[in-house]
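The sequence and structure come first.

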Amino acid sequence: MAISPSDTTALIHARGLSKRFANLVAVDAIDFDVDRGEAFGFLGPNGAGKTSTMRMIGCVSTPSSGTLSVLGMNPITDGPRIRARLGVVPQADTLDMELHVDENLFTYARYFDIPRDVARRRAKELLEFVQLNDRAKDEVEPLSGGMKRRLTIARALVNEPDLLLLDEPTTGLDPQARHLVWDRLYRLKQQGVTIVLTSHYMDEAEQLCDRLVVMDKAKIVASGSPRSLIDRYATREVLELRFKIDAAPALDGKLEGIADRVEVLPDRVLLYTQDGDAAAAAVHERGLQPESTLVRRSTLEDVFLRLTGRSLIE
Amino acid sequence: MIAILAGRRPAQVPAARRASHLVERNAILYRREWSLIVSGFFEPLLYLLAIGYGVGSLVGSAVTLNGHPIPYAAFVAPALMATSAMNGAVYETAFNFFYKLKYVKLYDAVLATPLGVADVALGEIVWALIRGTLYALGFLIVMAGLGLIASPWAILALPAAMLIGFTFAAVGTAASTFVRTWQDFDLVLIVMIPLFLFSATFYPITLYPGALQLVVQLTPLYHGVDLLRSLTTGSIGPGLVGDLVYLVVLGGAALLLAAVRLQRLLLK
Ligand SMILES: Nc1ncnc2c1ncn2[C@@H]1O[C@H](COP(=O)(O)OP(=O)(O)O)[C@@H](O)[C@H]1O
Ligand SMILES: [Mg+2]
């Protein structure tokens with residue numbers, strides 16, 4: 001990754017960025033750039049170092065080494081100035097449980113020194129945006145997980161940020177709640193808000209990110225658009241075979257030559273191929289009788305498996 | 001060069017303003033729960049009635065200050081005023097601050113905004129000192145009503161009580177950052193009760209033997225008591241400077257310690 005002059009216009013610019021805790025390396029010399037207006041993702045399993053990276057970008061954690069610039073400024077010396085222009089959705093909701101829903105937005109706006117009348121107006125608009133206006137005067141605690149997440153997103157928008165940081169925006173939400181969050185994020189993206197998010201959901205990354213890096217064990221193992229990563233690290237299609245329990249060892253050699261690559265997982269076997277149906281026919285020709293077969297398109301999950309030999313969600 | 005750089009970067013909100021937004025947050029909360037604040041005011045008032053007047057009627061005018069006998073209630077009242085400033089500040093910073101730090105996780109959210117750890121520490125200390133000052137103000141009004149103010153210097157008792165509030169708020173905040181569980185707060189009470197009883201609150205410090213006098217002079221409430229008693233009784237002397245310096249230095253050091261501790265706890 002060469003440093004080009006265009007790097008100076010990047011909203012976030014990181015080279016050799018590292019974070020160490022005692023004798024644990026949480027982030028190990030990663031390089032990345034985030035440009036204005038794009039949706040950029042960190043995809044990786046638990047413990048990969050995503051949150052540690054987000055906290056350094058958010059100026060609430062000091063890098064152990066490497067260079068980092070955010071909005072053209074140095075997080076170590078310009079933390080307050082940078083944070084003034086960030087919107088942050090942390091991994092765990094940090095809503096003010098002592099205050100009501102609308103007061104959460106109002107006081108948060110005040111932390112950004114936004115005048116009271118503007119703060120009140122924005123709180124109202126944002127509650128509408130995240131569809132919580134009918135809960136404005138309620139306590140925060142009884143809200144559902146999805147509602148709290150939406151309120152946290154609304155709170156992150158209260159200062160009209162140049163850069164929105166979302167750490168696992170939909171982890172723990174039911175599918176309906178996730179889709180509502182995705183829909184709001186998609187709208188923000190359309191409005192030109194620069195978004196950086198982390199996820200261990202490949203569908204989330206595929207839907208929302210223009211560009212992403214795959215993180216594993218504190219390192220970036222690949223980067224590119226979701227499409228280009230899939231093209232580079234996976235085949236067009238995947239044939240999934242499920243066998244009766246523990247049939248996998250008996251497969252030894254029998255799948256050879258059918259697919260470009262074979263991945264044997266505890267519960268299923270993945271055959272990477274350009275033509276899934278043809279591969280399925282070949283499997284049957286060899287006398288193998290899987291319990292089920294499924295032909296699907298490759299996803300980022302397959303990219304991750306290829307790169308690390310492990311599933312994203314264990 | 002610096003000017004050019006400064007011109008390019010967005011303006012920064014002054015620290016005092018940043019801290020004030022946290023004060024505002026607390027005020028919004030207490031708009032609903034004002035009864036919590038009011039309740040803390042009555043404790044020293046009850047002591048004034050029970051001891052200042054009750055015990056005072058037994059003691060008569062046995063207490064002298066700088067050689068002049070003064071009514072016992074007038075002797076005890078400023079000490080209780082200092083105690084009320086301490087109570088307000090410590091209740092707020094010890095219990096409420098700890099709750100916000102550990103359970104509400106308020107500062108995790110706040111530190112993602114332009115506010116930093118020093119702003120958080122300053123904001124909470126100012127809020128606590130406001131609470132302490134409100135108690136002291138209420139107490140001062142009661143003292144005036146009961147005729148327990150003997151000197152025009154008493155006008156300065158309110159800012160003096162604010163200083164006491166600041167010192168104890170800063171100490172309470174710093175102490176809170178070391179607290180792990182609610183049980184640890186028993187320690188806070190174990191410290192506060194003897195401070196209340198033995199800081200020359202109910203009798204002159206001269207009643208103690210010399211060595212013990214020195215020990216008492218090392219503790220913070222003694223200086224608060226001495227400061228307010230001097231002002232409300234009009235016995236102004238050089239000792240006041242010592243009281244002021246002690247309270248300012250202790251408060252400032254505790255504020256710094258609180259900020260450093262918050263940095264360690266929250267900005268890993
Ligand atoms: N404050 C901390 N102190 C010590 N270790 C930490 C701390 N925060 C994170 N880690 C460790 O750093 C590694 C990366 O964690 P994290 O950045 O949270 O990963 P992710 O968000 O991808 O799940 C993990 O091994 C985690 O235990
Ligand atoms: Mg994480």
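Among contacts in chain B between residues at least 6 apart in sequence, what percentage join residues at least 24 apart? The share is 79%, where contact means heavy atoms within 4.5 Å.

This is a predicted model, in which local features need pLDDT of at least 70, side-chain atom pairs count only at pLDDT 80 or more, and totals for chains, interfaces and linings use all residues. Residues are numbered from 1 along each chain as its sequence is written, chains are lettered from A and ligands numbered from 1 in the order in which they are written, and side-chain values use heavy atoms, leaving out hydrogens and water.

Chain B has eleven helices and two strands, taken as DSSP runs (helices H or I, at least four residues; strands E, at least two) numbered from the N terminus. Their order from the N terminus is α-α-α-β-β-α-α-α-α-α-α-α-α. The C-alpha trace of chain B spans about 70 × 45 × 40 Å along its principal axes. Of the 268 residues in chain B, 51% are buried (under 20% relative accessible area; exposed is over 50%, partly exposed in between; 1.4 Å probe, protein chains only).

The magnesium ion (ligand 2) is coordinated by Thr51(A) and Gln91(A) at 2.0 to 2.1 Å; donors are N, O and S atoms within 2.8 Å of the metal (3.2 Å for Na, K and Ca), and water is not among the atoms, so sites may look incomplete.

| Residue | Donor atom | Relative accessibility |
|---|---|---|
| Thr51(A) | OG1 | 27%, partly exposed |
| Gln91(A) | OE1 | 38%, partly exposed |
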